[in-house]
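Here are a few notes to read alongside the coordinates.

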Amino acid sequence: MIVFQKQTQPDKEIQLVVLFGAGLIGSSVCNKINKLGEYSSTLLPFSWNNSAQSRQDANKISLYLSSILASYSTDILSSGKIAFIWTAGKAGFTASETDWHDELANFNTVLSIVKHIAEQFPEPLLLFHLLSSAGGLFEGQRLVHNSTPPKPQRYYGQLKYDQEKALEQLSRRITKTIYRPTSVYGFTGASQRMGLISTLISNGIKNKVSTIFGSLSTLRDYVLNDDIATHIRNNLFIKHTNEDVFFHLLASGKPSSIYEIRCFVEQVLGKKIYLQFHSTPETDNSTDITVNASALPPAWTPISVKNGIRCVHEKILSGSDLS
């Protein structure tokens, strides 16, 4: 995990960003913060595979944050701001029951850090930003809006729902924002897990066949990771005054079929791509998930999926091993 500290005179203000997760969205959030040029950063270990070690790591993180905050006067702390961001998680749609329990345990360990800081330092504004999943919560539902009740169909969806509920239990003094993006795509490196669009582009460049766990008619709403990261950065220190938890449904508002995505990718590559379709009860991912455009946040400005595909194509060409 990474702690960002705003570089200001010690007697002026305190502003911290505590980021957990450096995957597709977390890496982009990190880049957005670094580009501001206002923050120094410190990398601290946090174990994802050993619960006992993660608790020890959490204690060290709490001590590190406490040491920073303790160096400021009460007056400075009273105008301070600390934003925690959770974009972590290796579990995907095919997550098992064990994945669900392990990842939820890690999330609760991180919440223990927030609780400790809230109890020890009552002065600064505390905020928590959680990356949830519209796909996990609303699988198989169309025209999802802000009042649509979540109906998880898999362990992955249940994990996201349980994380949301755990966050809601925190003290009301902590501003809580939950982001529910639809199908996220992007590219942050060949070592990161790749979704449908980045896989189609990468395999298309290499003239390789892509395996699809769905059908050409499957409807999804695709959002670029960089757009999500920009939105989180812009909302880092915004305090909500009228709601305990604020939900951001992040989508383009225009669903696309896999057939349409295939056509866009072929236009960008300038050639045909090759697909094979495969599905089992465990991997089937063919149900539609669409969003009502009226439910999107007013300050949310996503790029079109066609232009987003162009952006991903450029990143793959410049940053991956295409041998």
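1. Contact here means heavy atoms within 4.5 Å, and helices (H or I, at least four residues) and strands (E, at least two) are DSSP runs numbered from the N terminus. This is a predicted model, in which local features need pLDDT of at least 70 and side-chain atom pairs count only at pLDDT 80 or more, while totals for chains, interfaces and linings use all residues. Residues are numbered from 1 along each chain as its sequence is written, and side-chain values use heavy atoms, with hydrogens and water left out.

2. Let's start with helix α10 (residues 305-319). Its 15 residues should span 21 Å at 1.5 Å a residue, and the end C-alpha atoms are 20 Å apart, which agrees; the expected span is 1.5 Å times one less than the number of residues.

3. Which residues of α10 are buried? They are Val305, Gly308, Ile309, Val312, His313 and Ile316. Viewed down the axis of α10, these buried residues fall within an arc of 145°, so they line one face of the helix; the arc is taken from the directions from the helix axis to the C-beta atoms. Buried means under 20% relative accessible area, exposed over 50%, and partly exposed in between (1.4 Å probe, protein chains only). Glu314 and Ser318, on the other side of α10, are exposed.

4. What do the buried residues of α10 pack against? Their partners are β7 (183-185), α7 (196-205), β10 (222-224), β12 (256-257) and α9 (258-269).

5. Now the cavity. On a 1 Å grid over the protein atoms alone, a cavity is a set of points where a 1.4 Å probe fits but cannot get out, and lining residues have an atom within 4 Å of a point. His145, Asn146, Arg180, Phe247, His248 and Leu249 line the largest cavity, and strand β11 (residues 245-250) gives the most to that lining, with 3 residues.

6. A pocket is instead an open set with protein on both sides within 12 Å along at least five of seven lines. The second largest pocket is lined by Ser28, Asn31, Lys32, Lys35, Phe187, Thr188, Asp226 and Lys315. Helix α1 (residues 24-35) supplies the largest share of this lining, 4 residues.

7. Finally, take a look at Gln7, in the loop between β1 (2-6) and β2 (15-20). Gln7 counts as exposed because its relative accessibility is 53%. Leaving aside residues up to four places away in sequence, Gln7 touches Gly37, Glu38, Tyr39 and Ser40. Gln7 and Tyr39 lie 32 residues apart in sequence, yet 5.4 Å apart in space, C-alpha to C-alpha.
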